[in-house]
Amino acid sequence: MAAGKPISISDRLGSTSFHTDTEAHLRIPEPRTCLTCELKPCIRVCPAQVYAWEESDQRIHIRFENCLELGACRIACHRVGKGALAWEFPRGGKGVSYRFG
Ligand code: SF4
């Protein structure tokens, strides 16, 4: 890579690595809370598509291993602490590692 040349977003994201934890750091303690959440903003704001609504069991499914730890879902969810999203950083040494910050 040439010195002084800007690094593209795709190159930055391509260099991102994940150290997946065995325990989820994102949880929804009371999944029924999401049933009446009409817009489900967690699904829309997450660039890593961590959240998905599953019709078959009427729940939000969380792919925590894809989490980029931006916290956008935590800001977007209006029911944090009320049975919906419980957001923590992954345990030490786990989660995402950005090479270029
Ligand atoms: S986690 Fe929050 S934003 Fe997502 S569906 Fe549940 S209540 Fe709505």
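**Close-up views of a predicted model**

**View 1. Glu 23 and its partner Arg 91.** At 45% relative accessibility, Glu 23 counts as partly exposed. This view, like those below, comes from a predicted model. Glu 23 pairs with Arg 91 in a salt bridge, and their closest N and O atoms are 3.4 Å apart. The two residues belong to distant parts of the chain, 68 residues apart. Glu 23 is in the loop between S1 and S2, while Arg 91 is in the loop between S5 and S6.

**View 2. Arg 91 and Asp 21.** A salt bridge also joins the side chains of Arg 91 and Asp 21, at 2.6 Å from N to O. Asp 21 counts as buried because its relative accessibility is 7%, under the 20% limit. Arg 91 is partly exposed, with a relative accessible area of 41%.

View 3. The structure holds three salt bridges. One of them joins Glu 30 to Arg 32, with the closest N and O atoms 3.3 Å apart. Glu 30 is partly exposed, at a relative accessible area of 37%. Arg 32 is exposed, at 62%. Shared partners join Asp 21, Glu 23 and Arg 91 into one network of salt bridges.

**View 4. The aromatic pair of Trp 87 and Phe 89.** A search of the whole structure finds one aromatic pair. Its members are Trp 87 and Phe 89, arranged edge-to-face. The ring centres are 4.9 Å apart, and the planes make an angle of 75 degrees. Trp 87 counts as buried, at 10% relative accessibility. Phe 89 counts as exposed, because its 55% relative accessibility is over 50%.

**View 5. Lys 40 over a ring.** Lys 40 lies over the face of Trp 53. The distance to the ring centre is 4.5 Å.

**View 6. Cys 73 in the largest nonpolar core.** The largest nonpolar core has 18 residues. Those touching the most other members are Leu 26, Val 50, Tyr 51, Ile 60, Cys 73 and Leu 85. Setting aside neighbours within four places in sequence, which residues is Cys 73 in contact with? They are Cys 42, Val 45, Tyr 51, Leu 85 and Trp 87. Trp 87 also belongs to the aromatic pair with Phe 89.

Technical notes: Residues are numbered from 1 along each chain as its sequence is written. This is a predicted model: local features need pLDDT of at least 70, side-chain atom pairs count only at pLDDT 80 or more; totals for chains, interfaces and linings use all residues. Side-chain values use heavy atoms; hydrogens and water are left out. A nonpolar core is a set of buried Ala, Val, Leu, Ile, Met, Phe, Trp, Tyr and Cys residues joined through side-chain atoms within 4.5 Å. Buried means under 20% relative accessible area, exposed over 50%, partly exposed in between (1.4 Å probe, protein chains only). Contact means heavy atoms within 4.5 Å. Rings of Phe, Tyr and Trp (its six-membered ring) pair if their centres lie within 6.5 Å; planes under 30 degrees apart count as stacked, over 60 as edge-to-face and the rest as tilted. A charge sits over a ring if NZ of Lys or CZ of Arg is within 6 Å of the ring centre and within 35 degrees of the ring normal. A salt bridge is a side-chain nitrogen of Lys or Arg within 4 Å of a carboxyl oxygen of Asp or Glu. Helices (H or I, at least four residues) and strands (E, at least two) are DSSP runs, numbered from the N terminus.
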